[in-house]
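Subject: Structure for you to look at

Hello,

The structure is below, followed by notes on what turned up in it. Please read them with the model open.

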Amino acid sequence: CSFSPEEVFFNVLQSTGTRHRAASLLLIGPFLDYWLTNKRIDNYGFNILSTVFIILSCTIAVGTNLSQFICIGRFTAVSFQVLGHMKTILVLVLGFIFFGNEGLNLQVVFGMLIAVFGMV
C-alpha cells in the first residue's frame, strides 16, 4: 500500500489541529486584543482598502503554510532550516527596503548580525 505525496500532504495538513487553532483564535482573539489594546475589533472602521489588505494577508498566510508543508515533504530537515533562515534574512532586507532605515543604528545592525550568525 503506497500513498501519493498529495495524500500524505493533505493527511498531515488535516491532522495538525488547524481547525482547533482557528476556533481558539476566533474565540480568544477578540478578548486578547481588547486586553492588549483597550480597543474592540467591532469598533474598527473597515473600508474597502483595509478589507483588501486583510484578505491579501490571509491569502499570503495560507500560501506560506502550504509551502511549508510542501517543503517538509520534499526536502531534508537541513534544507528546510536553510529555507527558513533565508526567509528571515529576506524579511529583514525587504523591511528596510520598503519601510526605510529610520531605526537602523549600529546596535540594531549588530543584533541582526548576531541573529543571522546564530542561525548558522
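Arg-40 is partly exposed, at 47% relative accessibility; that class lies between buried (under 20% relative accessible area) and exposed (over 50%), with a 1.4 Å probe and protein chains only as cover. Arg-40 forms a salt bridge with Asp-42, and the closest N and O atoms are 2.5 Å apart. A salt bridge here is a side-chain nitrogen of Lys or Arg within 4 Å of a carboxyl oxygen of Asp or Glu. By that rule the count is one salt bridge.

Before going on: this is a predicted model, in which local features need pLDDT of at least 70 and side-chain atom pairs count only at pLDDT 80 or more, while totals for chains, interfaces and linings use all residues. Residues are numbered from 1 along each chain as its sequence is written, and side-chain values use heavy atoms, with hydrogens and water left out.

Overall picture. The protein has five helices and zero strands, and from the N terminus the elements run α-α-α-α-α. Helices (H or I, at least four residues) and strands (E, at least two) are DSSP runs, numbered from the N terminus. Of the 120 residues, 3% count as buried.

The loop between H2 and H3. Asn-38 sits in the loop between helix H2 (18-37) and helix H3 (48-74). Its phi is near 60°, a positive value in a residue other than glycine. Most residues other than glycine have a negative phi. Asn-38 counts as exposed because its relative accessibility is 60%.

The aromatic pair. A search of the whole structure gives one aromatic pair. The ring centres of Tyr-44 and Phe-46 are 4.9 Å apart and the planes are at 75°, so the pair is edge-to-face. Rings of Phe, Tyr and Trp (its six-membered ring) pair if their centres lie within 6.5 Å; planes under 30 degrees apart count as stacked, over 60 as edge-to-face and the rest as tilted. Tyr-44 is partly exposed at 46% relative accessible area, and Phe-46 is partly exposed at 48%.

Annotated regions. The unreviewed UniProt entry annotates residues 44-63 and 75-98 as "transmembrane region"; such annotations may be inferred rather than shown by experiment, feature names are shortened, and positions follow the numbering used here. In the model, residues 44-63 are 80% helix and 0% strand, with end C-alpha atoms 26 Å apart. Residues 75-98 are 92% helix and 0% strand, with end C-alpha atoms 31 Å apart.

Helix H4. H4 has 23 residues and reaches 33 Å from its first C-alpha to its last, close to the 33 Å expected at 1.5 Å a residue; the expected span is 1.5 Å times one less than the number of residues. After H4 comes Gly-100, with a positive phi near 85°. Leu-90 lies in this helix (residues 77-99) and is partly exposed, at 48%.

Regards
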